[in-house]
Amino acid sequence: MTAEHPAPAGGQRASDADREAVVDQLREAAAEGRIDLDELDTRLGAALVAKTYAELAPLTADLGPAPQDAGKPLVLRGGVHGTARTGRWKVPAHIDVDAGMGGARLDFTQAECRLREILLQVDGQMGGVRITIPAGWTAKTDEVDPAMGGVKDRTTAQRLPGAPLIRVTGTAGMGGVVVRHPGAWERWKLRRGTSR
């Protein structure tokens with residue numbers, strides 16, 4: 001396909017990360033008793049050989065996120081020394097981040113999230129906000145005031161079926177806002193960590 005005639009979204013080729021995300025969702029659904037082990041085996045087999053998004057989508061279409069109370073917003077303040085939310089953590093519907101001088105870093109790659117959309121309100125201040133989201137998740141950053149630091153969205157627009165959308169609002173301040181997917185080294189570390 002050429003740049004003028006891109007493939008339809010569902011017909012685009014799925015990556016290893018896309019297949020892994022579906023496999024994780026299926027295993028979690030089985031652990032919760034939403035599908036039985038025979039159905040898990042069948043769906044896992046289909047996920048591992050899927051070539052396109054259109055082949056992956058039906059495997060999780062009936063496993064949409066379970067209802068979750070929005071709860072209280074998560075408030076992070078960078079202050080002088082900075083703040084980070086990484087590793088395994090539960091993602092609320094609303095996150096309020098003030099980077100301060102030390103900056104703020106949010107890594108969603110191992111986070112537990114059953115929401116379709118997360119509102120992330122940022123104030124980049126001097127330290128800036130750095131956000132890492134898994135492949136298959138998407139970000140919407142056009143509501144952020146770039147101010148002096150600017151906004152860099154290095155994510156792809158390929159949203160995996162059922163994956164969350166991070167809607168970023170607020171101001172980039174002087175430190176700026178960067179949203180990206182994990183790099184090759186980070187993906188390798190994640191795979192190594194989950195294989196232990």
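Hi everyone, thanks for coming. Please keep in mind that this is a predicted model.

Let's start inside. The largest nonpolar core has 44 residues, and those with the most contacts inside it are Ile-95, Val-97, Leu-106, Phe-108, Leu-120 and Val-129. Helix 1, residues 16–31, gives the most to this core, with five residues.

I'd like to stay with Val-129 for a moment. Which residues does Val-129 touch, leaving out those up to four places away in sequence? Among them are Val-97, Ala-99, Ala-104, Leu-106 and Val-122, and also Gly-176, Val-177 and Val-178. Val-177 comes up again in the strand pairing: in strand 10, Val-177 is the bridge partner of Val-129. The strands concerned are strand 6 (residues 129–132) and strand 10, which pair in the parallel sense over four bridges. Strand 10 also pairs with strand 8 (residues 151–153), again in the parallel sense, over three bridges. There, Asp-153 stands opposite Val-179.

Now to the outside. Val-80, Met-101, Met-126, Met-148 and Met-174 form a nonpolar patch on the surface, and together they have about 620 Å² of accessible area. If you want to find Met-174, look in the loop between strand 9 (165–171) and strand 10 (177–180).

In one of them, Arg-114 pairs with Glu-28, with the closest N and O atoms 2.4 Å apart. This pair links distant parts of the chain: Arg-114 is in the loop between strand 4 and strand 5, Glu-28 is in helix 1, and they are 86 residues apart. Glu-28 is partly exposed, at a relative accessible area of 35%.

Next, Arg-43 and Asp-62 form a salt bridge, with 2.9 Å between the closest N and O atoms. Arg-43 lies in helix 2 and Asp-62 in the loop between helix 3 and strand 1, so the pair ties together parts that are 19 residues apart in sequence. Are these two buried or exposed? Arg-43 counts as buried, at 10% relative accessibility, while Asp-62 is exposed, at 51%.

Finally, the side chains of Arg-167 and Glu-117 meet in a salt bridge at 3.0 Å, N to O. Arg-167 sits in strand 9 and Glu-117 in strand 5, 50 residues apart. Both residues also belong to a network of salt bridges that includes Lys-140, Asp-142 and Glu-143.

That's my tour. Happy to take questions!

Notes: Residues are numbered from 1 along each chain as its sequence is written. This is a predicted model: local features need pLDDT of at least 70, side-chain atom pairs count only at pLDDT 80 or more; totals for chains, interfaces and linings use all residues. Side-chain values use heavy atoms; hydrogens and water are left out. A nonpolar core is a set of buried Ala, Val, Leu, Ile, Met, Phe, Trp, Tyr and Cys residues joined through side-chain atoms within 4.5 Å. Buried means under 20% relative accessible area, exposed over 50%, partly exposed in between (1.4 Å probe, protein chains only). Helices (H or I, at least four residues) and strands (E, at least two) are DSSP runs, numbered from the N terminus. Contact means heavy atoms within 4.5 Å. Patches are made of residues with over 30% relative accessible area and no salt bridge: like charges are joined within 9 Å, nonpolar side chains (Val, Leu, Ile, Met, Phe, Trp, Tyr) within 5 Å. Accessible areas come from the Shrake-Rupley method with a 1.4 Å probe; for residues, only the protein chains shown count as cover. A salt bridge is a side-chain nitrogen of Lys or Arg within 4 Å of a carboxyl oxygen of Asp or Glu. Two strands pair if DSSP finds at least two bridges between them.
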